[in-house]
Amino acid sequence: MSVRVGEAARAPSFQKAAHTLLKDDQLRNNVRHATDVITHKRAGVVAEQHDWQQMRTTASAIKAHTLRYLDEYLAQFEATCTAAGGHVHWAADADEANRIIVELIQKHGGREVIKVKTMTSDEIGLNSVLEASGIHPHETDLADMIIQLGHDHPSHIVVPALHKNRRQVREIFMRAMGLKELGDKPEDLTEAARRYLREKFLKVKIGFSGANYLIAETGGVCVVESEGNARMCLTLPDVLITLAGIEKVIPTFGDLEVFLQLLPRSATGERMNPYNSLWTGVHTDEGPKEFHVVLLDNGRTRILADRESRETLHCIRCGACLNTCPVYRQTGGHAYGSIYAGPIGAILTPQLFDMEHSQSLPYASSLCGACYEVCPVKINIPEVLIHLRGRVVREQQSGASLEAIGMKAMARVFTSRRRFEAAQRLGRIGQWPFVSDGWIRHLPGMLGNWTAVRDLQPMPSQTFRNWWREREKENHDA
Amino acid sequence: MDQGTLSERKKTTLRISLFVACYNDTLFPETGKSVVRLLERLGHQVEFPFEQTCCGQMHYNTGYQPEAMPLLRRFVEVFQDSDAVCIPSSSCVAMVRDHYVKMAEAAGDFALRRDVEVLLPRVFELTELLVDQLGVEDVGAYYPHRVTYHASCHSLRSLHLGNRPMRLLRKVRGIELVELEELEQCCGFGGTFAVKNGEVSAAMLADKLRCVTATRAEVVTAVDNSCLMHIFGGLHRQGAGIKAVHLAEILASTEEGAS
């Protein structure tokens with residue numbers, strides 16, 4: 001099985017990518033501004049919901065229950081969706097999903113496809129596969145369109161072009177649409193996008209989407225959005241293909257009650273999404289004549305098998321953890337080398353990847369806990385990060401790194417009072433070449449990362465325990 | 001203790017075992033000394049079990065979970081007969097409280113898990129011990145300085161200390177408290193994160209230092225010396241002239257000591 005997460009296989013480590021991004025002041029200002037606006041709006045609409053914590057608990061319980069019986073709910077969805085006139089396909093990995101999708105499009109002689117709201121298609125690298133097969137994909141979500149026209153990569157799971165400001169978007173549009181003049185007011189930009197997109201909506205006969213929820217009970221599919229472009233994409237073409245990860249299934253229509261409240265408030269700070277599209281199979285008089293759902297595993301069952309980290313699959317892709325994360329807010333999403341950025345990306349990408357290419361990601365966190373606090377489905381991201389760090393260390397054990405040797409030696413020191421006290425004495429002696437005027441300003445090796453911008457207080461002449469010892473002795477003598 | 005909570009017995013003298021934390025023991029002995037002076041001033045008896053070393057947080061959080069196991073066992077062995085364990089470091093308390101049960105369970109050692117569960121209700125961060133268990137907010141401290149308080153991540157989101165540290169600080173005589181902007185933002189320390197992702201950590205620290213210097217405080221305080229070591233290291237490099245002082249040291253200060 002070949003699991004793939006977009007371009008992540010070739011991505012540099014988080015540290016390397018961050019090194020470059022931290023120098024991009026424009027990008028960092030854009031990210032800071034956008035995340036500030038969203039977190040502020042979110043805080044407002046969350047505060048007004050008095051049962052927010054109970055809703056989080058409920059959502060988490062629904063997700064845990066669904067994952068426990070995932071096989072049954074998926075089979076139920078297949079049956080109900082098929083009964084409503086849809087076609088359900090199962091894809092074990094990215095290659096299989098891409099093959100199914102290309103064959104479906106080719107069967108209808110499609111040379112173009114309009115796409116919307118599908119991060120999962122980025123996960124499987126669909127666009128490049130389509131292009132290679134002579135099929136042109138048009139992204140129709142405004143932000144995805146900006147990314148596509150600018151030959152860029154998404155940096156956020158809800159607001160993919162969050163790292164671009166209006167002036168930059170204007171330049172991209174002028175270049176890609178061949179416009180001689182264009183203002184940079186929101187109305188100017190949306191007007192240009194509208195004119196460009198309407199033509200595609202009316203012309204292209206095959207639509208492609210992701211899914212927020214698959215409803216096992218009814219066979220229905222739900223997509224939520226802010227622009228109405230998805231609504232166009234879902235209703236105008238003759239053929240609609242939806243790609244969804246297997247964790248997107250929920251048991252009943254009634255479960256939407258919880259998720260349709262949690263998601264918009266967490267994602268964009270709105271009480272409700274402006275557009276909530278729900279469709280079930282096909283209908284004779286309206287909408288697509290043919291509807292396909294491709295259910296994608298691509299590493300998800302492997303995550304499900306891990307008791308310590310399966311809650312990763314609870315994620316409803318709201319992006320709240322990105323907006324609040326102090327690490328994401330410094331670097332933006334590109335540092336995570338994957339369509340899935342931020343704290344959720346730091347746990348999801350390495351698991352989808354079986355840790356081969358993304359061992360730096362579980363360490364891209366100070367474990368401050370802000371992500372867990374805002375997560376609407378209560379994924380304890382810091383705990384999962386720690387669990388994945390354990391896996392990284394275990395897998396690196398063959399080649400004993402300097403770090404591993406040091407950590408193991410320290411652990412041994414801590415298992416004996418005698419060794420601990422000896423290490424304290426040694427440290428006091430060993431530090432003296434580095435101390436000047438009562439501070440340490442330069443350290444060698446990895447520790448130099450500390451002294452790059454921070455001084456370090458040296459060990460004082462007396463440890464606490466020696467002070468205590470002395471005091472005991474004085475008390476005793478007195 | 002067999003029966004009753006500590007708060008029910010707060011008027012009586014308690015025997016409090018200090019887990020000072022390995023890095024306080026080695027790098028910040030003043031914090032440990034201050035806890036001892038403070039608790040003794042309040043009429044309690046403090047003991048320091050010498051066999052204590054480290055709670056295992058650094059190993060556990062960095063991915064060396066098997067290496068943290070013997071440290072868990074050691075902690076339980078050293079403290080299982082204590083009436084109350086006081087830890088002047090919220091991240092160490094979080095390590096013990098959030099992970100020890102899970103670790104014992106993962107090791108399949110159910111006797112150990114039971115020992116942990118029995119011990120946990122008697123393990124307190126310093127401000128929890130003072131406010132909740134000993135029922136004091138005015139500890140009789142005197143500290144005539146302009147001070148800002150940094151809320152460490154573990155104190156906020158793991159221990160949910162809330163306003164306990166501020167309630168204690170507000171009762172300190174002579175103190176001038178200034179609120180820190182972006183109080184809930186991480187300072188960027190994060191243990192080995194500061195070294196493994198030194199540049200991102202430095203960028204986070206820069207934001208924190210901007211907020212700290214904007215207060216024009218003489219002293220920045222917190223319930224964790226780990227954050228303070230990070231913040232003070234940055235302040236000193238910038239020559240900001242602001243000191244970092246653990247909350248225990250402020251609470252231990254008295255008029256007699258100052259004069």
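**Chain architecture and local backbone features of the predicted model**

Of the 478 residues that make up chain A, 46% count as buried, a residue being buried if 20 or more other C-beta atoms, placed from the backbone, lie within 10 Å of its own, exposed if 12 or fewer do, and partly exposed in between. The structure is a predicted model, in which local features need pLDDT of at least 70 and side-chain atom pairs count only at pLDDT 80 or more, whereas totals for chains, interfaces and linings use all residues. Residues are numbered from 1 along each chain as its sequence is written, while chains are lettered from A and ligands numbered from 1 in the order in which they are written.

Chain A contains 22 helices and 12 strands; helices (H or I, at least four residues) and strands (E, at least two) are DSSP runs, numbered from the N terminus. The C-alpha trace of chain A spans about 100 × 55 × 50 Å along its principal axes. Among contacts in chain A with a separation of 6 or more, 74% are accounted for by residues 24 or more positions apart, two residues being in contact if their C-beta atoms, placed from the backbone, lie within 7 Å. The domain assignment of chain A gives domain 1 (8-302) and domain 2 (431-478), with bounds that come from an automatic or database domain assignment. Taken over C-alpha atoms, the centres of domain 1 and domain 2 of chain A are separated by 54 Å.

Two non-glycine residues of chain A were examined for their backbone geometry. A:Lys117 has a positive phi of about 50° and lies in the loop between β2 (112-116) and α6 (119-123) of chain A. A:Lys117 counts as buried because it has 26 C-beta neighbours inside 10 Å. A positive phi, of about 55°, is also found at A:Leu367, in the loop between α16 (342-352) and α17 (370-374) of chain A. With 26 C-beta neighbours inside 10 Å, A:Leu367 likewise counts as buried.

In chain B, strand β5 (residues 146-149) pairs with strand β7 (residues 219-222) in the parallel sense over three bridges; two strands pair if DSSP finds at least two bridges between them. B:Tyr149 has B:Thr221 as its bridge partner in β7(B). Strand β7(B) also pairs in the parallel sense with strand β8 (residues 243-246) of chain B, over four bridges, and the bridge partner of B:Val220 in β8(B) is B:Ala244. Together with helix α12 (residues 225-238) of chain B, β7(B) and β8(B) make a right-handed β-α-β unit. A crossover is right-handed if, with the strands pointing away from the viewer, the path from the first strand over the helix to the second runs clockwise.
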